[in-house]
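Dear colleague,

Please find below the structure I wished to pass on to you, followed by a summary of what was found in it. I would be grateful if you read the two side by side.

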Amino acid sequence: MEIRVLQYFLAVAREENITRAAALLHITQPTLSRQLMQMEEELGVRLFCRGRHKILLTEEGMLLRRRAQEIVDLAEKTEKELAHGEEAVSGEISIGCGETRNMKPLSDMAASFRQKYPDVRFHFYTAIADEVTERLESGVLDMGLLLEPVEISRYNFVRMPLKEKWNILMRRDEPLAQKQSITPDDLVNVPLIVSKRESVRNVLENWYGQERERLRIAATCNLSNNNQSIMVESGIGMAALMGFSNCNDKLCQRPLEPELESGCVLVWKKNLTLSAVMSRFLAHVKESLLSI
């Protein structure tokens, strides 16, 4: 499969219309239709459900869309890195990140780096740690800002300066809102909204201690704190979350007692030949962390 054909496929998947996609790609509709049929023949699967006014992806097409986007992104990233050649202060850096207060020091580092090297461009991709590490492995991302616990044996890393404290987000009309902090006993049989990541849920279960069997999960959520706020306000349950949350006149948050904290690391793949701009940025990050 050629990169060009994958780009054609992605355009059709995005537009859900061959005529519009052909116009955007500056090719004829028959040419685009022929390329798509050849792709289906080559793969031996049906990628589209063709209707009168709309063309939709099959399950196989949705899988290819995800992989094709990663392949195209990686190809474009590689081309840009090679195009910059020896220009040590030009290029792009892609960073995957979760919702964490450590985005502030990382953003400060990116801003000060661009003051020195204004031709550098940063791309930030927000997702849970599992998705970020998957993109790190495929090479689409250069670095990942990950909340612990996370498996980092395959990565080099630096530890970020801010700890994320766990809190319980709840409605202000809840009886527990009158307390200054929340204990495991307070949350026995209370419906909770928790992280989709199993490793993160394990941290909460360990905090529960002997009461862990009475942990009652009403919903799981990957991102974001904003969505968790909406679910709490709607009455699905209270949210156990790290770091900041979107409180308003209907919501409040209370810290856990005993206190529960999680660290944050900035990682990149081991045994990877770094681009010149990545090497410069890593040196900048390490120098900046020493001064914090």
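A helix is here a DSSP run of H or I of at least four residues, and helices are numbered from the N terminus. Please note that the model is predicted.

Helix H2 spans residues 18–25, and His26, which follows H2, has a positive phi near 60°. The buried residues of H2 are Ile18, Ala21 and Ala22. Viewed down the axis of H2, these buried residues fall within an arc of 100°, so they line one face of the helix. Ala23 and Leu24, on the other side of H2, are exposed. The cover over the buried residues of H2 includes helix H1 (3–15), helix H3 (29–43) and strand E2 (55–57).

Phe124 belongs to strand E4 (residues 120–126). This residue is partly exposed, at 38% relative accessibility. Leaving aside residues up to four places away in sequence, Phe124 touches Ile95, Cys97, Met103, Leu106 and Ala110. Phe124 and Val200 lie 76 residues apart in sequence, and their C-alpha atoms are 23 Å apart in space.

As to the cysteines, a disulfide is counted where two cysteine sulfur atoms lie within 2.5 Å, and the count by this rule is 0 disulfides. Cys49 is partly exposed, with a relative accessible area of 34%, whereas Cys252 is buried, at 3% relative accessibility.

With kind regards

Notes:
Residues numbered from 1 in each chain as written. Predicted model: local features only at pLDDT ≥ 70, side-chain atom pairs only at ≥ 80, totals over all residues. Heavy atoms only, no water. Buried < 20%, exposed > 50% of the residue type's maximum accessible area, 1.4 Å probe, protein only. Helix = DSSP H or I, 4+ residues; strand = E, 2+ residues; numbered from the N terminus. Contact = heavy atoms within 4.5 Å. Arc of directions from axis to C-beta.
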